[in-house]
Amino acid sequence: MPREPLHLTRPRSPRPRGTTTERMYGAAWQRFRDAWFKLEPRFCAHCAARGIVRPAKAADHIRPHKGDPVLFWDPHNLQPLCLSCHSAKTAQEDGGFGRPVVEAVPNPPVKLNDLFARLRDKALKDHGPDVE
């Protein structure tokens, strides 16, 4: 009896996401994010809380904005994350990979400026001044 072929495609989400512009991530967000990154440390906050120095590539909303423009544009609601931490946090919050949707993932209470200064000093001591 012949076997049914395997289907390796992912089932579509029952919740349509909309375009990036519809979700408020258009050109204005990109300019805002770029300006915010010039003011903030460029290290992942979640990795730094574990003592790891990893460059941040994503400006993450600490509390999910869920379309609320006040939360979306609040610079105090942003944190720098590396792509792997951002993907894991987003998947957990948005119900990715079959997970239930949660309101927010609590972040460890860390004084990031002090922690980043200590991590930067350690990186400079260990690797020299060419560390980014």
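Q: How many disulfides does the structure hold?
A: In this predicted model, the count of disulfides is zero. The cysteine sulfur nearest to that of Cys82 belongs to Cys85 and is 3.6 Å away, and a disulfide requires two cysteine sulfur atoms within 2.5 Å, so Cys82 is in no disulfide.

Q: What makes Cys82 and Cys85 count as buried?
A: The relative accessibility of Cys82 is 3% and that of Cys85 is 10%. Buried means under 20%, so both cysteines count as buried.

Q: How many salt bridges does a search of the whole structure find?
A: The search finds two salt bridges. One of them joins Arg33 and Asp34, and another joins the side chains of Asp60 and Lys89.

Q: Why is the pair of Arg33 and Asp34 called a salt bridge?
A: The closest N and O atoms of Arg33 and Asp34 are 3.5 Å apart, and the definition asks for a side-chain nitrogen of Lys or Arg within 4 Å of a carboxyl oxygen of Asp or Glu, so the pair qualifies.

Q: What else does Asp60 touch, not counting residues up to four places away in sequence?
A: Beside Lys89, Asp60 touches Asn77, Leu78, Gln79, Leu81 and His86. The 2.8 Å approach of the side chains of Asp60 and Lys89 also counts as a polar contact, since the limit for a pair of N or O atoms is 3.5 Å.

Q: What makes His61 buried, and where does His61 lie?
A: His61 lies in strand 1, and its relative accessible area of 6% is under 20%, so His61 is buried. A polar atom of the His61 side chain lies 3.0 Å from the backbone oxygen of Phe72. Leaving aside neighbours within four places in sequence, His61 is in contact with a set of residues including Tyr25, Trp29, Leu71, Phe72 and Lys89.

Q: Which residues make up the largest nonpolar core?
A: That core has seven residues, namely Trp29, Trp36, Phe37, Ala56, Ala59, Phe72 and Leu78. Membership rests on side-chain atoms within 4.5 Å between buried residues of the nonpolar types. Helix 1 (residues 27–39) supplies the largest share, three residues. Apart from this core lies another of six residues, among them Cys44, Ala45, Cys82 and Cys85. Trp36, a member of the largest core, is in contact with Ala59, Pro75, Leu78, Gln79 and Pro80 once its neighbours within four places in sequence are left aside.

Q: How do you know that the span of helix 4 is close to what is expected?
A: Helix 4 has twelve residues and reaches 16 Å from its first C-alpha to its last, and the span expected at 1.5 Å a residue is 16 Å. The buried residues of this helix are Cys85, Lys89, Ala91 and Glu93, and what covers them includes helix 2 (45–49), strand 1 and strand 2 (78–81).

Q: What does the secondary structure of the chain come to?
A: The chain has five helices and two strands, running α-α-β-α-β-α-α from the N terminus on. Of its 132 residues, 28% are buried. Among contacts with a separation of 6 or more, 59% are between residues 24 or more positions apart.

Methods
Residues numbered from 1 in each chain as written. Predicted model: local features only at pLDDT ≥ 70, side-chain atom pairs only at ≥ 80, totals over all residues. Heavy atoms only, no water. Buried < 20%, exposed > 50% of the residue type's maximum accessible area, 1.4 Å probe, protein only. Helix = DSSP H or I, 4+ residues; strand = E, 2+ residues; numbered from the N terminus. Contact = heavy atoms within 4.5 Å. Expected span 1.5 Å × (residues − 1). Polar contact = N/O pair within 3.5 Å; in protein donor to acceptor, adjacent residues only side chain to side chain.
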